[in-house]
Amino acid sequence: MTLSFKPQETFRDDFSYRNSDEAILRFPFPFVEDSYMYSVNIEPHVKGGPTPAFHAAFDVDEHYVAECQERAIVLAQDPSRCKVLPHMIEAEWDTLELIMESLAADYPEHFSLTRSGTAWTWENRPLGIRDSFTFGDATTLPYGPFEYITRQAQGDFTLQDQRDDNLFVDGGMITCQADWSLEFNIGMSFHEWHGPVPLAHEKGVFDRALKYLLRLQNGQPVRRLNWTMTVNPRMDTSPENYPLWGADRTTVTPENVGRKLHLRVELQTLFRLPRSNAILFGIRCYLCNLEDIARVPKWGKRLHRVLRDLDPALEDYKGLTRYRQTAVAYLSRFDDGADLSLGIQPDVDRL
Amino acid sequence: MLISGIHSRPKYAGLRVDRSGTHHIILSDTPRDIARMVEGLEPAPGPTEVWTVVGACTVTAAEERGPDGSVVRRAFRSRPLMFDMLGHRLARESMGLRLYAIGEEAFLWDVAALARSFGVDGDEIQLDHAGSERRRVFCVHCRAMTENVRTNIVACVGCGAHLTVRDHFSKRLAAFMGVQADAEVRGDLPPVEEIFR
């Protein structure tokens, strides 16, 4: 299917971001059943899955151009949203190769890569980029290799170094995050950077996840879904800019909740990198407002049940306290109590 | 709200001389009874120095030897002078040095960061918290550091925001995270309480 990009969309100021019907149907709805609690919900990142969002190594959708522009705006204001510790240079090149190869293979109409030894030419037609460079020589690119390629990809990325039987977040491109700071967290071990997450430590989730990830193999990436909620389709909900977006949380009313409140889903992918043995962690962010979610009957009902019954510790951690009841009341009108199928697939093929 | 129980909070288990080291430097941010606070100093584990910040501008960092000559003591006017000397020292160090730091948390992790920049890391350095619980707070909005914070809410020295001091600690920054407390409703602040004594 040919992608039609929407370069005029914005994720700030007038918030003109919208999902087409096709984008709604491919949304990676995160709830497999009617309730939610943390688990090590990791599965192989193989092509194919309940919606087309799972059909590529790095999913590209109608928001691609607008999200790359949004990233450029954030970096122009705060260049340190991309930061990589110096010992990760090999992982930077690994990342560039993996993303270029994947995009060119999955979307040949939009991206191409020509390799002749270390002389590479990369063409990104949606963004109008064509660069020839020497693989391994950072001076031949306009940015470091990691920044160069992640400026041309949707979603945030971190680089994990593996040493001492642990993973350390030693680099990242973080411009569309759900309230965590790269500047604060860079260099932390796996348990340290997950420190603020409630309940999951006690359940042993991070011990098991770390054990699993330390054994991650090259060529066998894995994925999981995570979620929160965001008022307005704002990508940059960083702690750095919380003084700019915090007040949004007080603006949700019964009248505007359907359009204003968005389910924010992260399709998280993990790739072992071949030369550096580091792990690339992709955090691809999708936003869909409640009104659009409810156009898929199964999703509207299920989201109502999940939010209604959510553990209070998660409500607080995810920042839902001020508007959760408004959202539950709004969604209740779509929920007739019917049994719903297991899994996240929409169960309809048109809206 | 102070979010507690966060797992990035370091844990400290006391200092114990590592006899696999050939020589030892113990750093303290204020005068303390080091013989009582560091386990295993008797019998002497080899050349050992005790460096102490005394906070007075009349001392010098000259070596002072104890009665048996085995322990060298140095007194420093301030932390910056101690760290300056430590940097010069680590630049010339060989294998076998063991570092021990005891004091307030910001001091400990400043020592650790300096040591790491000279490749002294892992088992070669031990840290133990002693003294006040007051915190160094990193403002996540403006990146300024506010020192010696004793309260749940503090005005950032950089941007003036009223920061909630979270229990989330960065060893790299040697600081806890501060996040604007009233970003959602301006002026809606909890009562200020002294909680880091």
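A: A salt bridge is a side-chain nitrogen of Lys or Arg within 4 Å of a carboxyl oxygen of Asp or Glu. This is a predicted model, in which local features need pLDDT of at least 70 and side-chain atom pairs count only at pLDDT 80 or more, while totals for chains, interfaces and linings use all residues. Side-chain values use heavy atoms, with hydrogens and water left out; residues are numbered from 1 along each chain as its sequence is written, and chains are lettered from A and ligands numbered from 1 in the order in which they are written. By the salt-bridge criterion, B:Glu63 pairs with B:Arg74, their closest N and O atoms being 3.2 Å apart.

Q: Which parts of chain B does the pair of B:Glu63 and B:Arg74 tie together?

A: Helices (H or I, at least four residues) and strands (E, at least two) are DSSP runs, numbered from the N terminus. B:Glu63 lies in the loop between β4 (48-53) and β5 (64-65) of chain B, and B:Arg74 in strand β6 (residues 71-76) of chain B, so the pair ties together parts that are 11 residues apart in sequence.

Q: Are B:Glu63 and B:Arg74 buried or partly exposed?

A: Buried means under 20% relative accessible area, exposed over 50%, and partly exposed in between (1.4 Å probe, protein chains only). B:Glu63 counts as partly exposed because its relative accessibility is 45%, whereas B:Arg74, at 13%, counts as buried.

Q: Where else in chain B can I see a salt bridge of B:Glu104?

A: B:Glu104 forms a salt bridge with B:Arg79, with the closest N and O atoms 4.0 Å apart. Since B:Glu104 lies in the loop between β7 (97-103) and α3 (105-117) of chain B and B:Arg79 in helix α2 (residues 79-91) of chain B, the pair ties together parts that are 25 residues apart in sequence. B:Glu104 is buried, with a relative accessible area of 12%, while B:Arg79, at 23% relative accessibility, counts as partly exposed. Salt bridges that share partners also join B:Glu49, B:Glu63, B:Arg65, B:Arg74, B:Arg89 and B:Glu93 into one network.

Q: How many salt bridges does the structure hold over all chains, and how many are counted between chain B and chain A?

A: Over all chains the structure holds 52 salt bridges, and the count between chain B and chain A is 5. One salt bridge between a residue of chain B and a residue of chain A is that of B:Lys171 with A:Glu192, whose closest N and O atoms are 2.6 Å apart.

Q: What else describes the interface between chain B and chain A?

A: Contact means heavy atoms within 4.5 Å, and on that basis 25 residues of chain B are in contact with 25 residues of chain A. Buried area is the accessible area (1.4 Å probe) that two parts lose on being put together, summed over both; between chain B and chain A it is about 2100 Å², of which carbon and sulfur atoms give 56%.

Q: What is the volume of the second largest pocket, and which residues are closest to its centre?

A: Its volume, the space filled by probe spheres set on grid points that are joined across faces, edges and corners, is about 990 Å³. Of the 28 residues that line the second largest pocket, B:Trp109, B:Arg116, B:Asp121, B:Gly122 and B:Lys171 are the closest to its centre. β7 (166-173) of chain A, together with α3 and β8 (125-129) of chain B, each supply at least two residues of that lining.

Key. 1 Å grid on protein atoms, 1.4 Å probe; cavity = no way out; pocket = protein on both sides within 12 Å on 5 of 7 lines; lining within 4 Å.
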